[in-house]
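Here's a quick tour for anyone meeting this protein for the first time. Have a look at the model below, then read on.

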Amino acid sequence: MADDYLVRIGKLIRDARQHRGWTQSQLAEALNTSQSAVNRIERGNQNISLEMIARIGEALDSEIVSLGYAGPMHLRVVGGRRLSGSIDVKTSKNACVALLCASLLNKGRTVLRRVARIEEVYRLLEVLNSIGVRTRWINDGHDLEIVPPAELDMEAIDAQAAIRTRSIIMFLGPLLHRMDRFNLPYAGGCDLGTRTIEPHMIALRRFGLDVAATEGLYHAEVARDVVPDRPIVLTERGDTVTENALLAAARSDCTTVIRNASSNYMVQDLCFFLEALGVKVEGIGTTTLTVHGVPTIDVDVDYSPSEDPVEAMSLLAAAVVTESELTVNRVPIEFLEIELAVLEEMGLDHDRTAEYFADNGRTRLIDLTVRPSKLEAPIDKIHPMPFPGLNIDNVPFFAAIAAAAQGKTLIHDWVYDNRAIYLTDLNRLGGRLQLLDPHRVLVEGPTRWRAAEMMCPPALRPAVVVLLAMMAAEGTSVLRNVYVINRGYEELAERLNSVGAQIETFRDI
């Protein structure tokens with residue numbers, strides 16, 4: 001029996017390594033061991049300690065074995081079922097993580113309403129707790145209270161939690177106001193190829209922040225006499241870059257103009273939150289933001305982040321791929337208008353209610369009912385653009401939708417180095433996707449989906465796309481190692497089950 005467990009662990013490690021695109025030698029180098037030792041582990045021919053399993057999981061950013069909690073590890077999906085009824089969209093993952101970072105600006109008590117209870121949030125909370133910030137779930141676990149200490153203990157930072165989230169990079173903006181020197185672990189997150197932090201550095205240097213990256217740490221020093229003396233022009237219109245610049249500007253005792261700023265949903269939510277803190281922000285929703293900073297923020301603030309347009313797109317795609325009639329409630333329509341316009345041209349049959357406001361009083365919502373539709377491939381390619389264009393994170397869902405449509409669809413995911421490659425995992429489920437280059441995929445439909453057992457892609461949105469295809473495939477599929485899905489979605493399997501899906505969570509060990 002012990003040998004059987006070793007074989008099963010070895011297979012999990014092998015699959016996780018291969019899906020990351022590593023050789024045995026690369027994993028061995030990360031573990032400071034030999035390639036032959038990795039080979040023996042993967043074949044189940046070597047005893048392996050829990051410490052080594054944990055090290056392997058950390059190296060591969062993959063949960064090999066779960067200990068001490070009942071979180072899901074794999075999903076078993078009985079496909080071919082129709083969805084029905086209605087489902088609510090949860091609050092925005094990307095807004096919530098930005099607001100957690102922004103809470104470091106405030107000396108007072110911050111309450112965030114209906115925070116997404118996802119792994120990305122949990123990792124940031126672990127980091128915040130480790131440096132002295134008190135957090136607790138209140139109101140039956142729906143809301144989050146955050147109370148900072150007088151002084152942050154950066155020496156005690158939980159590095160293991162920090163390296164599992166790219167959001168840690170947004171600590172730079174608020175921390176430069178709290179200390180002259182500090183260290184941060186390297187940012188982690190999804191495996192989406194090279195994602196340089198240089199645009200962050202270019203923006204934050206204007207606030208006196210100098211960062212040297214060595215030995216797995218960002219070493220930061222702040223020159224207090226430096227403030228922006230002219231508009232800051234971001235070298236990329238990125239969401240987290242814009243958020244970091246906003247966080248730095250919020251407590252600078254000056255007026256900062258940020259140009260080529262992202263106007264995406266999470267940036268707008270951050271701006272609304274900064275206004276609740278007493279920071280005036282002009283130009284919200286445009287590419288030029290003017291921030292009237294205040295040197296000290298000490299207020300008790302209560303804020304409700306808006307709903308997640310990418311989750312809304314996920315649920316909409318679930319209905320399309322499974323040929324279901326489903327009502328998706330609380331859809332942030334202003335961040336899905338392009339996607340819906342494209343789907344209308346493809347033949348999507350749907351109704352929408354009149355608009356109403358989210359709990360933040362600013363974001364426009366609708367309820368959207370999707371019905372089974374005979375879709376045709378779009379004439380033009382599907383490609384992302386900064387807001388108000390088609391959302392970068394919604395592009396992968398069009399791979400599954402295009403696979404359900406008649407004809408050929410070209411998807412051009414130009415932003416990330418290798419995310420398009422993960423979309424070809426749909427071929428394991430019966431899809432016909434041709435990878436033209438690392439950024440372009442040609443999808444041919446319609447598709448007769450078939451069940452399969454496979455590893456979860458290491459990127460969040462392609463992982464959910466695979467899950468949706470499994471829901472459409474007749475038979476039973478298994479999706480292994482789904483930590484990446486839990487990073488961005490709260491109880492996704494359970495919520496899909498509530499509208500007719502049949503998804504079971506389980507663990508091997």
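Strand 19 and strand 20 (residues 440–445) run antiparallel and are joined by 5 bridges. Keep in mind that this is a predicted model.

## Helix 14 and its helical partner

Helix 14 also packs with helix 12 (residues 309–321), at an angle of about 10° and with the axes 9 Å apart. Angles under 35 degrees count as roughly parallel, so helix 12 and helix 14 are roughly parallel to each other.

Who does the touching? Helix 12 brings Val-310, Met-313, Ser-314, Ala-317, Val-320 and Val-321, while helix 14 brings Phe-397, Phe-398, Ala-400 and Ile-401. Sorted by class, the contact of helix 12 with helix 14 has 9 nonpolar residues, 1 polar and no charged.

Strand 11 and strand 12 (residues 288–292) run antiparallel, with 3 bridges between them. One to look for: Lys-280 has His-292 in strand 12 as its bridge partner.

## Helix 11 and the helices it meets

Helix 10 (residues 239–250) packs with helix 11 too, at an angle of about 10° and with 9 Å between the axes. That angle is why helix 10 and helix 11 are described as roughly parallel to each other. The crossing of helix 10 with helix 11 is right-handed. On the helix 10 side, the contact is made by Asp-239, Thr-242, Glu-243, Leu-246, Leu-247 and Ala-250; on the helix 11 side, by Met-266, Val-267, Leu-270, Cys-271 and Leu-274. By class, that's 8 nonpolar, 1 polar and 2 charged residues.

Now for helix 5 (residues 93–102) and helix 11 (residues 265–276): their axes come within 8 Å and cross at roughly 35°. The crossing of helix 5 and helix 11 is right-handed. Asn-94, Ala-95, Ala-98, Leu-99 and Ala-102 of helix 5 meet Tyr-265, Met-266, Asp-269, Leu-270 and Phe-273 of helix 11. The residues in the contact of helix 5 with helix 11 come out as 8 nonpolar, 1 polar and 1 charged.

## A threonine in a loop

Last stop: Thr-363, in the loop between strand 16 (356–357) and strand 17 (364–371). Is Thr-363 buried or exposed? Its relative accessibility is 4%, and under 20% means buried, so Thr-363 counts as buried.

Which residues does Thr-363 touch? Leaving aside residues up to four places away in sequence, Thr-363 touches Phe-272, Ser-306, Pro-332, Glu-334, Phe-335, Tyr-356, Phe-357 and Ala-358.

Terms used: Residues numbered from 1 in each chain as written. Predicted model: local features only at pLDDT ≥ 70, side-chain atom pairs only at ≥ 80, totals over all residues. Heavy atoms only, no water. Axes fitted to C-alpha atoms, helices over the stretch in contact; angles between N-to-C directions. Helix = DSSP H or I, 4+ residues; strand = E, 2+ residues; numbered from the N terminus. Left-handed = near helix turned anticlockwise from the far one by under 90°. Contact = heavy atoms within 4.5 Å. Nonpolar A, V, L, I, M, F, W, Y, C, P; charged D, E, K, R; others polar. Parallel < 35°, antiparallel > 145°, perpendicular 65-115°, else oblique. Pairing = 2+ DSSP bridges. Buried < 20%, exposed > 50% of the residue type's maximum accessible area, 1.4 Å probe, protein only.
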